[in-house]
Amino acid sequence: MTRINPSILSADFVNMQRDLESIASADFVHVDVMDNHFVPNLTFGPQMVGRIQAVSPVPLDVHLMIDRVDDLGPGYAELGCASVTFHVEASDDPIALARALRARGARAGLAIKPGTPVEPYLGILAEFDQFLVMTVEPGFGGQTFIESVMPKLDLLRAEASRVGSDIWLQVDGGVTLDTIVIAAEHGADTFVAGSSVFNGGDPEMAIDGLRRAVQHLH
Ligand code: DX5
Ligand code: ZN
């Protein structure tokens, strides 16, 4: 199944509710939490995420780009977010954090930056519901898709099928009508798209276009 998750990093922050309503045909809304420490950019924290959770027409896919995530991550699951993804580079104990997220009712996601290898984590896929392979350096929207990380998806897809895991494989960064096809061919099934959904003027049409671009592959 293909999932299209628009990133509200590219939405209008003072018209957030309007922009959330413009993506009602999406599967999830991708919510980028940045702390100006783990990444050189700042967005918002739990108060804003709680309000988005209250008004969003679709479930929340929260992407934490924050330090001290072992302490702060579970609070996002307590807000009722459907999925909470954290960076392995920011966690001292990814398995304990994943279990804390699941215990609070969220899907647990593990994210890796473009320079982080995937091999050390192939043995712990059962602890996660989603694996995010970053296709740009985290921090900003509108960057170019890094195709050289695609072998990580190949490894994840092969391992998931070897162990019979139904883990979702997500890509985030530079996803367009062209690059979504590349990622899908390497086994991704969950696609985050910020600028390509919000910058073209018609978010619903953009979501539909992305979905159609890969529907023949799934
Ligand atoms: C980047 C964020 C992405 C960002 C993607 O750190 O994690 O979710 O919004 O934006 P685009 O789709 O414009 O690359
Ligand atoms: Zn993101």
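Predicted model: local features only at pLDDT ≥ 70, side-chain atom pairs only at ≥ 80, totals over all residues.
## A zinc site, a pocket and some residues to look up

Ala 193 is buried, with a relative accessible area of 3%. We begin with Ala 193, which sits in strand E8, and then visit the zinc ion (ligand 2), whose site is octahedral.

- Ala 193 counts as buried because its relative accessible area of 3% is under the 20% cut-off.
- Ser 7 is 186 residues away from Ala 193 along the chain, yet the C-alpha atoms of these two residues are separated by 5.6 Å.
- Setting aside neighbours within four places in sequence, Ala 193 is in contact with Asn 5, Pro 6, Ser 7, Val 175 and Leu 210.

**The zinc site**

- Which residues hold the zinc ion (ligand 2)? The ion is coordinated by His 30 through NE2, Asp 32 through OD, His 63 through ND1 and Asp 172 through OD, at 2.1 to 2.2 Å.
- Along the chain, the donors of the zinc ion (ligand 2) follow the spacing H-x1-D-x30-H-x108-D.
- Distant parts of the chain are linked here: His 30 belongs to strand E2 (residues 29–34) and Asp 172 to strand E7 (residues 168–172), 142 residues apart.
- Both His 30 and Asp 172 are buried.
- Six donor atoms surround the zinc ion (ligand 2), with angles of 72 to 174° among them, and the site is octahedral.
- For comparison, the ideal angles for six octahedral donors are 90 or 180 degrees.

**The largest pocket**

- Strand E2, strand E8 (190–193) and helix H7 (195–198) each supply at least two residues of the lining.
- Sorted by class, the lining has ten nonpolar, twelve polar and three charged residues.

**Two residues with a positive phi**

- Asn 36 is not a glycine, although it has a positive phi of about 65°. Look for Asn 36 in the loop between E2 and helix H2 (46–55), where it is partly exposed, with a relative accessible area of 44%.
- Arg 68 is not a glycine either, and its phi is positive too, at about 55°. Arg 68 lies in the loop between strand E3 (60–65) and helix H3 (69–78).
- Is Arg 68 buried or exposed? Arg 68 is exposed, because its relative accessible area of 54% is over the 50% cut-off.

- Thr 116 has its place in the loop between strand E5 (107–112) and strand E6 (130–134). Thr 116 is buried, at 13% relative accessible area.
- Not counting residues up to four places away in sequence, Thr 116 touches Val 88, Glu 89, Tyr 121 and Lys 152.
- Arg 107 is in strand E5 and counts as partly exposed, with 22% relative accessibility.
- Leaving aside neighbours within four places in sequence, Arg 107 is in contact with Ala 82, Ser 83, Val 84, Asp 129 and Trp 168.
- From C-alpha to C-alpha, Arg 107 and Pro 59 are 11 Å apart in space, and in sequence they are 48 residues apart.

Technical notes
Residues numbered from 1 in each chain as written. Chains lettered and ligands numbered in written order. Heavy atoms only, no water. Donors = N, O, S within 2.8 Å, 3.2 Å for Na, K, Ca; no water. Tetrahedral: all angles 85-135°; square planar, octahedral: opposite > 155°, others 65-115°. Helix = DSSP H or I, 4+ residues; strand = E, 2+ residues; numbered from the N terminus. Buried < 20%, exposed > 50% of the residue type's maximum accessible area, 1.4 Å probe, protein only. Contact = heavy atoms within 4.5 Å. Nonpolar A, V, L, I, M, F, W, Y, C, P; charged D, E, K, R; others polar.
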